[in-house]
Amino acid sequence: MCDYAVAVPGGKLTIVGTFDRLVVPKLPHQQPSFYLVAKCRFDSTEVGEKRVKFTFTDPDGKEIGALPEVKVPVAMREEDYTTAMQAVLCINGLPLTQAGDHSINLLIDGNQVATVSLTIQRAKS
């Protein structure tokens with residue numbers, strides 16, 4: 001998670017202002033916007049179409065948001081032994097109703113393959 005990100009030619013990512021904690025003025029809170037950046041590497045056994053989806057869950061494990069599932073072709077040049085897929089997504093209006101450790105989950109073909117925590121903390125009065 002970061003304040004801003006962009007993919008640049010050559011497969012490089014420019015990422016500005018990474019974070020894993022948000023201090024919000026009150027709860028409930030709707031986070032105006034942030035960027036979610038992911039880079040996944042695949043080997044030759046994983047070539048083909050993949051279904052990719054990101055979900056957001058609260059500390060109780062309840063889904064509070066999800067991005068639509070997208071189909072991504074994973075292809076590899078003959079001279080390579082791995083290939084990468086990268087995603088730069090702007091997330092607007094994530095609804096936050098409680099403090100604690102939230103999760104951002106990456107699912108590929110319906111299997112959760114990665115999770116990162118986003119801690120939500122209410123600002124002290």
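## Overall layout

In what order do the elements of the protein chain run from the N terminus on? The run is β-β-β-β-β-β-β-β-β-β, and the count comes to 0 helices and 10 strands. Both kinds of element are DSSP runs numbered from the N terminus, with at least four residues (H or I) for a helix and at least two (E) for a strand.

A word on what you're looking at: this is a predicted model, where local features need pLDDT of at least 70, side-chain atom pairs count only at pLDDT 80 or more, and totals for chains, interfaces and linings use all residues. Residues are numbered from 1 along each chain as its sequence is written, and side-chain values use heavy atoms, with hydrogens and water left out.

## Size and surface

The C-alpha trace of the protein chain spans about 60 × 30 × 20 Å along its principal axes. Its accessible surface is about 7700 Å², and 49% of that belongs to carbon and sulfur atoms; such areas come from the Shrake-Rupley method with a 1.4 Å probe, and for residues only the protein chains shown count as cover.

Of the 125 residues, 34% count as buried. Here buried means under 20% relative accessible area, exposed means over 50%, and partly exposed is in between (1.4 Å probe, protein chains only). Now for contacts, meaning heavy atoms within 4.5 Å: among those with a separation of 6 or more, 65% are between residues 24 or more positions apart.

## The nonpolar core

In soluble globular proteins, nonpolar side chains tend to be buried together. The largest nonpolar core in this model has 24 residues, and Met1, Phe34, Leu36, Val52, Phe56 and Leu94 have the most contacts inside it. A core of this kind is a set of buried Ala, Val, Leu, Ile, Met, Phe, Trp, Tyr and Cys residues joined through side-chain atoms within 4.5 Å. Strands E3 (21-24), E4, E5, E7 (70-74), E8 (82-96), E9 and E10 each give two or more residues to this core, with the largest share, 5 residues, coming from E4.

Take Val52 from that list: leaving out residues up to four places away in sequence, Val52 touches Pro68, Glu69, Val70, Val72, Met85, Leu106, Leu107 and Ile108.

## The largest pocket

About 220 Å³ of space lies in the largest pocket. Of its 16 lining residues, Leu36, Val37, Ala38, Phe54 and Val116 are the closest to the centre. A pocket is an open set of points on a 1 Å grid over the protein atoms alone, where a 1.4 Å probe fits, with protein on both sides within 12 Å along at least five of seven lines; lining residues have an atom within 4 Å of a point. Points are joined across faces, edges and corners, and the volume is the space filled by probe spheres set on them.

E4 turns up again here, giving the largest share of the lining, 5 residues. The lining divides into 12 nonpolar, 3 polar and 1 charged, where Ala, Val, Leu, Ile, Met, Phe, Trp, Tyr, Cys and Pro count as nonpolar, Asp, Glu, Lys and Arg as charged, and the others, Gly among them, as polar.

Thr55 sits in strand E5 (residues 48-57) and counts as buried because its relative accessibility is 8%. Setting aside residues up to four places away in sequence, Thr55 touches Glu63, Gly65, Ala66, Ser103, Ile104, Asn105 and Leu107.

Pro59 lies in the loop between E5 and strand E6 (63-66), and Pro59 is partly exposed, at 34% relative accessible area. Asp20 is in the loop between E2 and E3; Asp20 and His102 are 82 residues apart in sequence and 9.8 Å apart in space, C-alpha to C-alpha.
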